[in-house]
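Open the model in your viewer and keep the selection panel at hand. The stops below are meant to be taken in order.

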Amino acid sequence: MPIYKYFGQPAKYHGKPLFHILANLKDFGRGRIVTRSVFEAEPSQEQQPSFYRILWAQPLMDTSTVEGRVVAEKVRKGVKYTEPVDLGNLAPVPDFRLVTRREEERFCKWESLRDFSTDVDYVTEPKYFTVPPLLQLLMERNMAERGETPGEESFLLPHYKTFTPKNVDLVTGMGKPRKEKHQETITRCEGTASYDYSDSVSTAFGVDPEADLLSILPEEPPMPSPAVGMRLYRWPDDSRNHKEEVRTEEHSAYYP
């Protein structure tokens, strides 16, 4: 028996390009159900199926029979979208599988599906983020130099202006890049979040606030050495005359 050895990462897609399936069906598969192997690999596929129902297809008649336009009805994780989607960009991906007529009723679970609703299908992200402490200190000093009075949002980062919407895709390829807005999960920005994740650190890895931090610093200087000028290590021997000055309170004082 020959011995086979496989190199590289395992295959991500396990199927056929969409038009390799539709080109062999009547009316290019109008009304048939297709799914993807990445959908079937999800643990929630049994209870919340994901698939497409073909509404209209038009192949481009290229040499490989992979390009064309496909309009389909989308069902994702048990949610039936009320607006059709264009699968033209996904059609060349070798990841589609045809669901047979005999399996459609069991696979689709039509009675358990629900329509897409903006009141239910949304995710919440913070509207603002608090700035890091050192950045806030720098901003306070700069505003004091300019004689400005800080407002309520002076030390908040507006996340609602920079978040990536989940219902807009940038389509590139043939022609000029265009933004395509589709019916998808809506993002709502509420509240304020912080960059402080100390409450997420387990007590086993935390630092006791009463402990002496200087005693747990390493003997040797870190490599590469920090550029901020703060000593992150302790001298093992204080009897020698070092070139570096001993840090005192005078070095920590700030004189604007």
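This is a predicted model: local features need pLDDT of at least 70, side-chain atom pairs count only at pLDDT 80 or more; totals for chains, interfaces and linings use all residues.

Residues are numbered from 1 along each chain as its sequence is written, and side-chain values use heavy atoms, with hydrogens and water left out.

**Stop 1: Phe51 and Trp110**

Rings of Phe, Tyr and Trp (its six-membered ring) pair if their centres lie within 6.5 Å; planes under 30 degrees apart count as stacked, over 60 as edge-to-face and the rest as tilted. The model has 5 aromatic pairs by this rule. Select Phe51 and Trp110: their pair is edge-to-face, with 5.5 Å from centre to centre and 80 degrees between the planes. The two residues are 59 apart in the chain, Phe51 in strand β2 (residues 51–59) and Trp110 in the loop between α3 (101–108) and β7 (114–115). Helices (H or I, at least four residues) and strands (E, at least two) are DSSP runs, numbered from the N terminus.

Which of the two terms, buried or partly exposed, applies to Trp110? Buried means under 20% relative accessible area, exposed over 50%, and partly exposed in between (1.4 Å probe, protein chains only). Trp110 is partly exposed because its relative accessibility is 32%; Phe51, at 1%, is buried.

**Stop 2: Tyr128 and Tyr160**

Next, select Tyr128 and Tyr160, whose ring centres are 5.7 Å apart with planes at 80 degrees, so this pair is edge-to-face. Tyr128 lies in strand β9 (residues 128–130) and Tyr160 in the loop between β10 (156–158) and β11 (168–171), 32 residues apart. Tyr128 has a relative accessible area of 10% and is therefore buried, whereas Tyr160, at 32%, is partly exposed.

**Stop 3: the sheet around β9**

Two strands pair if DSSP finds at least two bridges between them. An open sheet of 3 strands runs in the order β10-β9-β14, with mixed pairing. Its edge strands, β10 and β14 (192–193), each pair on one side only. The pairing of β9 with β14 is parallel, over 2 bridges. Select Thr192 in β14 to see the bridge partner of Tyr128.

**Stop 4: charges over rings**

A charge sits over a ring if NZ of Lys or CZ of Arg is within 6 Å of the ring centre and within 35 degrees of the ring normal. Select Arg36 with Phe39: Arg36 lies over the ring face, 5.8 Å from its centre. Finish on Lys74, which lies over the face of Tyr81 at 5.1 Å from the ring centre.
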